[in-house]
Amino acid sequence: HHSCKVLVVGGGTGGCSMAAKFADKFKDQVIIVEPNELHYYQPMFTLIGGGIRSFEASKRLMRDTLPKNAKWFQENVMSFEPPQNQVTMSSGDTVQYEIMIIAMGLQLHWEKIPGLIECLKDNMSGVCSIYGSDTVTNVFPKIARTKSGTAIFTFPNSPVKCPGAPQKIAYIAEDYFRNQKVRDNVKVVYNTALPVIFGVKKYADALWDVCKQRNITVNVQTNLIEIDPAKEEAVFQKLDGSNETFVEKYSLLHVCPPMGPPDVLKKHPSLTNEVGFLSVDPKTLRHTKYSNIYGIGDCISAPNSKTMAAIAAQGKVLYKNIMDDLAGKPMTMAYNGYSSCPLVTGYRKCILAEFDYNLKPLETFPVDQGREYFFTFILKAYVFPLLYWTLMTRGKWDGPEFFRKYSSMIKKKEI
Ligand code: FAD
Ligand code: UQ1
């Protein structure tokens, strides 16, 4: 039975970066509970799917990624006992904490689409997904094999991590078909359960233009509900109130699976909101009921877009707020909902969306980021991964706020 000053549940992006920050401050007083042997840089999965980066570049040993001056238990948290400031791990051991940070991410629900799991396992089927560490390497071979028919890309009826990724892979595949001179024989379709192509109007307008120019069919309020592997047919349901279903034949089907908060969290209604996300104040990121519990990343109730870029901004706020609180001072920092999504639109271009809780653009660079650029593609493919492994996992990357302030000064001087 163990105890610590700061307990971090989950050693992914949010957990690792927060553990690193606190382990620097409180040496050997931080415990991380994380079951996985490997740590993935998930934003690279999109590029692996496009044959742009290697799977190897996306993964490291968890042991080499988590901070050395913290204690790691390679286990699952099985239950929370907040009144006792305690969690129980898979071994049956308990950990007591002064402060707990929950960073458990999202759970993928492959099982919610009948037919999906068996199709993904079948190398000969046209069904693939960049969302799983065990499915991502199959994506590029399946795209490369597609020479005719319909390539369908889906977005589910649930919150997802990196809501741009399901369409990025569509743009990359479309570009690939073009380069391979098979584009005329392949119909490219993006079917999304959402009523919009993207939540922020400025970037949505830009993406509609991309789709129109490149003859990509976009169907909104169109939700994948089943796959028939034998017939190579996907079943969709319209979410426009009619609930009508229809089938579409595919030669390639890229699926973004439904997602939701981890089951372990859902078991504890006192910790979550009505749909099972960790209930935190959207500004301070402190739990709404328990004052020594905090949350970061994909598992929290804050209504930001769930990305790594958001976590960088959240981490800065969370660290400062917890330090203030420990010092008996009021919390002074508020998270503004910053999130960012590098919308890769082809092999050499990208629209770098950045925005806040109000879905208003909040751009870093002194250019119009609603347009496609090569430099933003280079950032996404080569600079952000480097930033991640060298700075963010060590608790030393708080997002581009500093650059943003600097470039808005440049912009103002221009006027
Ligand atoms: P995760 O990093 O998923 O970590 C959660 C951790 O909690 C896991 O390691 C898990 O093992 C652990 N855990 C779960 N249950 C338990 C338990 N019971 N006990 C202990 N530990 C547990 N973001 C961007 O900013 N830009 C992008 O371009 C981008 N592209 C993406 C593309 C794809 C295909 C994907 C999948 C994601 C992308 N993201 C992107 C999103 C980004 O990767 C995630 O938002 C981020 O990694 C979430 O971090 P997290 O710490 O909340 O969760
Ligand atoms: C970011 O900070 C980040 O974390 C390393 C990402 O993760 C993959 C991102 O995709 C983006 C866009 C950012 C934001 C950074 C800049 C310079 C705009």
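**Figure 1. The shell around ligand 2 in the predicted model.** The residues of this shell divide into eleven nonpolar, two polar and one charged. The structure shown here and in the following figures is a predicted model. Of the 14 residues around ligand 2, the nearest are Tyr41, Ser340, Pro342, Phe384 and Trp397. Trp397 also places a polar side-chain atom 2.8 Å from an oxygen atom of ligand 2. Taken alone, ligand 2 exposes 440 Å², and the protein buries 96% of that area.

**Figure 2. Elements and domains that contribute to the shell around ligand 2.** At least two residues of the shell come from each of helix H9, strand S20 (339-344) and strand S21 (350-355). At the level of domains, domain 1 (2-107 + 261-326) and domain 3 (339-414) each provide at least three residues of the shell.

**Figure 3. Polar atoms of the protein beside oxygen atoms of ligand 1.** A polar backbone atom of Met308 lies 2.9 Å from an oxygen atom of ligand 1. For Gln42, a polar side-chain atom is 3.3 Å from an oxygen atom of the ligand. Met104 contributes a polar backbone atom, which is 3.5 Å from an oxygen atom of ligand 1. Taken alone, ligand 1 exposes 1000 Å², of which the protein buries 92%.

**Figure 4. The aromatic pair of Phe140 and Tyr176.** A search of the whole structure finds 16 aromatic pairs. In the pair formed by Phe140 and Tyr176, the ring centres are 5.3 Å apart and the planes stand at 80°, so the arrangement is edge-to-face. Phe140 belongs to helix H5 (residues 139-145) and Tyr176 to helix H6, so the pair ties together parts that are 36 residues apart in sequence. Are the two residues buried or exposed? Phe140 has a relative accessible area of 24% and is partly exposed, whereas Tyr176, with 15%, is buried.

**Figure 5. The aromatic pair of Phe402 and Phe403.** The rings of Phe402 and Phe403 have their centres 5.8 Å apart and their planes at 75°, so this pair is edge-to-face. Phe402 has a relative accessible area of 63% and is therefore exposed.

**Figure 6. An aromatic cluster.** One aromatic cluster is formed by Phe22, Phe26 and Tyr319.

**Figure 7. Lys68 in its loop.** Where is Lys68 found? Lys68 is located in the loop that lies between helix H3 (62-65) and strand S5 (71-73). The relative accessibility of Lys68 is 66%, so this residue counts as exposed. Lys68 and Asp28 are 40 residues apart along the chain, and their C-alpha atoms are separated by 8.9 Å.

Terms used. Residues numbered from 1 in each chain as written. Chains lettered and ligands numbered in written order. Predicted model: local features only at pLDDT ≥ 70, side-chain atom pairs only at ≥ 80, totals over all residues. Heavy atoms only, no water. Polar contact = N/O pair within 3.5 Å; in protein donor to acceptor, adjacent residues only side chain to side chain. Areas by Shrake-Rupley, 256 points an atom, 1.4 Å probe, with all protein chains shown as cover. Helix = DSSP H or I, 4+ residues; strand = E, 2+ residues; numbered from the N terminus. Buried < 20%, exposed > 50% of the residue type's maximum accessible area, 1.4 Å probe, protein only. Phe/Tyr/Trp six-rings, centres within 6.5 Å; stacked < 30°, edge-to-face > 60°. Near = heavy atom within 4 Å. Nonpolar A, V, L, I, M, F, W, Y, C, P; charged D, E, K, R; others polar. Domains from an automatic or database assignment.
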